[in-house]
Amino acid sequence: MKSETPKLKLLPVEKGTLAYIFVTAVYLAVFVGELNMPWLRFGIRAGVTLLILALALAGKAYPQQPVIRCVRYFLPFALLSYWYPETYFFNKFIFPNLDQYFVAADQMLFGCQPSLEFSKHMPWTWFSELMYFGYFSYYFIFFGASLWCFIKDKELASRAVFVFACSFYLYYIIFAVIPVIGPQFWFAPPLDQVPDGYIFCDIMRFLQDAGEKATGAFPSSHVGVTFIVVIFIYRHCRRLLKFALPLFIILVFSTVYIKAHYVVDVIGGFASAALIYPLVNKFYEKLSG
């Protein structure tokens with residue numbers, strides 16, 4: 001009797017990534033006349049699609065190879081560094097910049113601009129460093145939780161990387177439609193400046209110079225995605241909560257302190273996460289069969 005040939009099977013996170021590629025490709029096709037270098041945007045999508053399919057074929061040929069499986073799980077996270085800043089190039093197709101309304105909302109709610117007053121009243125170097133660390137801990141939380149799940153439980157890891165990656169995708173779709181750039185880009189110098197810190201201050205400023213674009217302020221994906229990760233940790237791997245929760249609390253404050261977000265962005269981050277978390281879990285159940 002011949003042994004059955006393994007079927008080509010995409011991971012749920014690969015299906016989610018292909019869905020994001022398709023949705024954004026349709027969006028770009030609609031506004032292709034306003035798009036700068038459309039061949040680049042569509043070419044990258046085609047290349048990523050081929051890469052995903054090639055990795056799936058490699059997984060079919062070597063189903064027990066852990067390195068291939070690891071690459072397939074975590075490739076979507078690596079691609080985020082391209083998908084996020086890309087929204088800067090097409091987020092004004094529908095609406096013009098909307099920051100003035102968010103500035104007005106913060107003013108109405110608080111009688112001031114918290115993103116300006118926070119660092120002004122707490123300019124200490126050690127505190128600034130703590131805030132920069134909190135903002136950077138974003139990467140520790142979602143990647144660390146994914147890696148922990150990958151080591152401990154492959155099925156849980158499949159759910160984790162899908163939930164986290166597809167949460168990012170939904171936020172990026174929102175960013176492509178709602179152009180808000182945040183205090184760090186909206187306010188002119190010296191209002192856009194943040195007090196100096198130490199190591200994490202330098203790290204975050206390097207990352208901002210390298211990849212940050214004037215996009216994606218509302219709702220705060222820093223708050224939204226991290227809140228989703230914290231909910232996931234609470235439900236599936238609660239022993240990590242004692243590490244994630246303190247970092248999350250610092251992160252929430254840091255988004256306003258370093259002028260990445262208005263307070264209404266933070267509120268939007270919590271509200272959107274409450275909607276996105278059950279949605280992406282339902283998607284996972286359907287795609288995982």
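In the predicted model, helix 2 and helix 3 are joined through a contact in which Arg41, Ile44, Arg45, Val48, Leu51, Ile52, Leu55, Ala56, Ala58 and Gly59 of helix 2 meet Ile68, Val71, Arg72, Leu75, Leu79, Tyr82, Trp83 and Glu86 of helix 3. By class, the residues of this contact comprise 13 nonpolar, 1 polar and 4 charged. The two axes come within 10 Å and cross at roughly 170 degrees. Because angles over 145 degrees count as roughly antiparallel, helix 2 is roughly antiparallel to helix 3.

Packing of helix 7 was examined against two partners, helix 6 and helix 12. Helix 6 (residues 125–152) packs on helix 7 (residues 154–177) at an angle of about 155 degrees, and their axes lie 6 Å apart. Helix 6 is therefore roughly antiparallel to helix 7. The crossing of this pair is left-handed. On the side of helix 6, the contact is made by Tyr138, Phe142, Ala145, Ser146, Cys149, Phe150, Ile151 and Lys152, and on the side of helix 7 by Lys154, Leu156, Ala157, Ala160, Val161, Phe164 and Phe168. These residues divide into 12 nonpolar, 1 polar and 2 charged.

For helix 7 and helix 12, the packing angle is about 130 degrees and the axes are 9 Å apart. This angle makes helix 7 oblique to helix 12. The crossing of helix 7 and helix 12 is right-handed. Helix 7 contributes Glu155, Ser158, Arg159, Phe162, Val163, Cys166, Ser167, Leu170 and Tyr171, which meet Gly269, Ser272, Ala273, Ile276, Tyr277, Leu279, Val280, Asn281, Phe283, Tyr284, Glu285 and Leu287 of helix 12. The contact of helix 7 with helix 12 contains 13 nonpolar, 5 polar and 3 charged residues.

The largest pocket holds about 570 Å³ of space. Its lining consists of 26 residues, and the closest to the pocket centre are Ser81, Tyr84, Tyr138, Tyr139 and Glu212. Tyr138 also belongs to the contact of helix 6 with helix 7. At least two lining residues come from each of helix 3 (66–86), helix 6, helix 7, helix 9 (199–211) and helix 10 (221–236). Helix 3 gives the largest share, 6 residues. The lining of the largest pocket is made up of 16 nonpolar, 9 polar and 1 charged residues.

The second largest pocket contains about 400 Å³ of space. Of its 21 lining residues, Lys9, Leu10, Leu11, Arg69 and Arg72 lie nearest the centre. The lining of the second largest pocket divides into 10 nonpolar, 4 polar and 7 charged residues.

Most residues other than glycine have a negative phi, and most peptide bonds are trans. A cis peptide bond joins Pro189 to Pro190, with omega about 5 degrees. Pro190 is located in the loop between helix 8 (183–186) and helix 9. Another cis peptide bond links Phe218 and Pro219, where omega is about -15 degrees, and Pro219 lies in the loop between helix 9 and helix 10. Met37, although not a glycine, has a positive phi of about 50 degrees. Met37 falls in the loop between helix 1 and helix 2.

Conventions: Residues numbered from 1 in each chain as written. Predicted model: local features only at pLDDT ≥ 70, side-chain atom pairs only at ≥ 80, totals over all residues. Heavy atoms only, no water. Axes fitted to C-alpha atoms, helices over the stretch in contact; angles between N-to-C directions. Helix = DSSP H or I, 4+ residues; strand = E, 2+ residues; numbered from the N terminus. Parallel < 35°, antiparallel > 145°, perpendicular 65-115°, else oblique. Left-handed = near helix turned anticlockwise from the far one by under 90°. Contact = heavy atoms within 4.5 Å. Nonpolar A, V, L, I, M, F, W, Y, C, P; charged D, E, K, R; others polar. 1 Å grid on protein atoms, 1.4 Å probe; cavity = no way out; pocket = protein on both sides within 12 Å on 5 of 7 lines; lining within 4 Å. Points joined across faces, edges and corners; volume = space filled by probe spheres on them.
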